[in-house]
Amino acid sequence: MGPGTFAGGERLVQRVERILKDRWYQEYLLRNATREAKRRFCRHNFQHMLDVARVAYILMLEAGDLQVFVRQYSLSGREAAREIVYAAGLLHDIGRWEEYDHQSDHAAASARLAKELMSRTGFTPLEIEIVTRAIGEHRRRDAHETLLGRYLHAADRLSRPCLSCPARADCHWFADSRRQAYFTY
Ligand SMILES: [Fe+2]
Ligand SMILES: [Fe+2]
């Protein structure tokens, strides 16, 4: 599927497509790929980013929380909400390579890189704030987490194909997500 074929409105396609075509977005994906060339466990590649975006959006729709999200931030509507959810998914692990290089927290690194990237691709300060905060929250649950942070965290786990993974016996994720792995999104 090419970047221009996301179902939905023009605005979604335009801004999400700008992220996908951004030179530094491509560069960060490449950095993740080079650091993970021999990784046995799940990789932090474009397919993972897209899977998380899609699953987060589906979960919000199914729970009826997309409208809650729209009202919470006075967004213009469902299209704007979807665009923000997709931006969060597509960017949430963009700084994973920094964790390999500097042992830094990749959620914080990804949030920082996402802020720069979203500023270049036409998102508003409010939208950037919503996305970067959710990315910063995606690794663990927190009493003060935002709605999008909660869904990003859930999608990160539910999108992993644990049941077909040859490395699952050694993976701490599989033990955590065993009961959830039967869902398919
Ligand atoms: Fe992550
Ligand atoms: Fe992830």
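**First stop: helix α5**

Select residues 78-91, which is helix α5: at 1.5 Å a residue its 14 residues should span 20 Å, and its end C-alpha atoms are 20 Å apart, so the two agree. (The expected span is 1.5 Å times one less than the number of residues; helices are DSSP runs of H or I, at least four residues long, strands are runs of E, at least two, and both are numbered from the N terminus.) Before moving on, know that this is a predicted model, where local features need pLDDT of at least 70, side-chain atom pairs count only at pLDDT 80 or more, and totals for chains, interfaces and linings use all residues. Residues are numbered from 1 along each chain as its sequence is written, while chains are lettered from A and ligands numbered from 1 in the order in which they are written.

Eleven of its 14 residues are buried, so α5 is largely enclosed by the rest of the structure. Buried means that 20 or more other C-beta atoms lie within 10 Å of the residue's own; 12 or fewer is exposed, in between is partly exposed, and C-beta atoms are placed from the backbone. To colour the buried ones, pick Ala81, Arg82, Glu83, Ile84, Val85, Tyr86, Ala87, Ala88, Gly89, Leu90 and Leu91.

**Zoom out**

Now show the whole protein chain as a cartoon. You'll find ten helices and zero strands. Of the 185 residues, 35% are buried.

**α3 and its two partners**

Select α3 (residues 46-63) and α4 (residues 65-72), which pack at about 95° with their axes 5 Å apart. Axes are lines fitted to C-alpha atoms, for helices over the stretch in contact, and angles run from 0 to 180 degrees between N-to-C directions. α3 and α4 are therefore roughly perpendicular. (Under 35 degrees counts as roughly parallel, over 145 as roughly antiparallel, 65 to 115 as roughly perpendicular, and the rest as oblique.) Show side chains for Met60, Leu61 and Ala63 in α3, which meet Asp65, Leu66 and Phe69 in α4. Contact here means C-beta atoms, placed from the backbone, within 7 Å.

On the α3 side, look for Val52, Val55, Ala56, Leu59 and Met60; on the α9 side, Tyr151, Leu152, Ala154, Ala155, Asp156 and Leu158. By class, that's ten nonpolar, no polar and one charged residues. (Ala, Val, Leu, Ile, Met, Phe, Trp, Tyr, Cys and Pro count as nonpolar, Asp, Glu, Lys and Arg as charged, and the others, Gly among them, as polar.)

**Glu98**

Jump to Glu98, in helix α6 (residues 96-102). Is Glu98 buried or exposed? Glu98 counts as buried, because it has 21 C-beta neighbours inside 10 Å. Leaving out residues up to four places away in sequence, Glu98 touches Ser104, His106 and Ala109.

**Last stop: two loop residues**

Most residues other than glycine have a negative phi. Go to Ser74, in the loop between α4 and α5, where phi is near 50°, a positive value. Ser74 counts as exposed, with 7 C-beta neighbours inside 10 Å. Finish at Gln103, in the loop between α6 and α7 (106-120). Phi of Gln103 is near 55°, again positive, and Gln103 is exposed, with 8 other C-beta atoms within 10 Å.

Notes. Two residues are in contact if their C-beta atoms, placed from the backbone, lie within 7 Å.
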